[in-house]
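I opened the two chains and kept notes as I went. The entries are in the order in which I looked things up.

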Amino acid sequence: MRVVVQSGPFDLGAETSGFAAAQLASGAVVTFSGIVRDVSGGLSAMEIEHYPGMTERALTDIAREAMQRWSLEDALVIHRHGTLTVGEQIMMVATAARHRKDAFEAAEFLMDYLKSRAPFWKREITGDGADWVAARDEDEDALKRW
Amino acid sequence: MDVLYFAWVRERIGIPKEQVTSDAATVMDLVTELRAREDRYAAAFEDLSALRVAVDQELTDFDAPLRGVREVAFFPPMTGG
């Protein structure tokens, strides 16, 4: 299990193949990556603030819980902070399990939890100024299914 | 203890971190003390339903006790992923 919090970019392809190649007992690897999107057409950058120390701790707790609940062989979480531009990768999760159902479910669990339980805050920078992204009720509701 | 502020809470109060000497028994008592300081604190803590709190880097509630605590952080709901 590996948790990484960094400001620089990561190589999704290299991370995914490295993760998959390290698995010997797993028949299934699932990856998800989140990308900076430009919904309204005027986004010049996205800034991601975080809480150093608590971020690593929260992500590790979430990953550890996923490992236990779905008997994962391995899990990887990478999440960036700082200033990102449209199309850049913000984060990725990867899960490895014997069978795909566990790998898919654990990846969804990781995503749902890190969206609203890991201390990151997004701010969208446009020509009109900067706005903090508001948390969505759906994201909080998504936790209830677990 | 250290009190930390993030995102718009940090902006509204104007600083990311400060040392606070307090006898507050709970997070809510600390909020009451901070609100009484200045308008910028009162504004930041106006609507607690819009805030989350972590005590020693663990998410918790506003009724959490503060005895022996080193670090309290206030911030809006998180928007990671």
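**Conventions.** I am working on a predicted model, in which local features need pLDDT of at least 70, side-chain atom pairs count only at pLDDT 80 or more, and totals for chains, interfaces and linings use all residues. Residues are numbered from 1 along each chain as its sequence is written, and chains are lettered from A and ligands numbered from 1 in the order in which they are written.

**Core.** I take a residue as buried if 20 or more other C-beta atoms lie within 10 Å of its own, exposed if 12 or fewer, and partly exposed in between, with C-beta atoms placed from the backbone. The core has 53 residues, and those touching the most other members are Ile62(A), Ala66(A), Val77(A), Ala106(A), Leu110(A) and Phe6(B).

I then followed Ala106(A), using contact in the sense of C-beta atoms, placed from the backbone, within 7 Å. Beyond four places in sequence, Ala106(A) touches Ala66(A), Trp70(A), Leu72(A), Thr95(A) and Ala97(A).

**Helix α3(A).** Helices (H or I, at least four residues) and strands (E, at least two) are DSSP runs, numbered from the N terminus. I find 18 residues in α3 of chain A, residues 100-117. Its C-alpha span from first to last is 25 Å, close to the 26 Å expected at 1.5 Å a residue; the expected span is 1.5 Å times one less than the number of residues. Its buried residues include Ala106(A), Phe109(A), Leu110(A) and Tyr113(A). The cover over the buried residues includes β2 (28-35), α2 (54-69), β4 (74-80), β6 (89-97) and α4 (137-142) of chain A.

**Strand β6(A).** I count strands as paired if DSSP finds at least two bridges between them. β6(A) pairs with β2(A) in the antiparallel sense over eight bridges, with Ser33(A) bridged to Met92(A). β4(A) also runs antiparallel to β6(A), joined by six bridges, and Ala75(A) stands opposite Thr95(A) there. Eight of the nine residues of β6(A) are buried.

**Interface.** 14 residues of chain B are in contact with 21 residues of chain A. On the chain B side, the elements giving two or more residues are α1 (7-13) and β5 (71-75). By class I get 10 nonpolar, four polar and no charged residues on that side. Ala, Val, Leu, Ile, Met, Phe, Trp, Tyr, Cys and Pro count as nonpolar, Asp, Glu, Lys and Arg as charged, and the others, Gly among them, as polar.

**Positive phi.** Which residues other than glycine have a positive phi? Ser71(A) has one of about 45°, and Ala7(B) one near 55°. Ser71(A) lies in the loop between α2 and β4 of chain A and counts as exposed because 11 C-beta neighbours are inside 10 Å. Ala7(B) lies in helix α1 of chain B and is buried, because 23 other C-beta atoms are within 10 Å.

**Val55(B).** Val55(B) is in strand β3 (residues 52-55) of chain B. Is Val55(B) buried or exposed? Val55(B) is buried, with 20 other C-beta atoms within 10 Å. Outside four places in sequence, its contacts are Val27(B), Thr60(B), Ala64(B), Val69(B) and Val72(B).

Note on methods. Core = buried A, V, L, I, M, F, W, Y, C linked by C-beta atoms within 7 Å. Contact = placed C-beta atoms within 7 Å.
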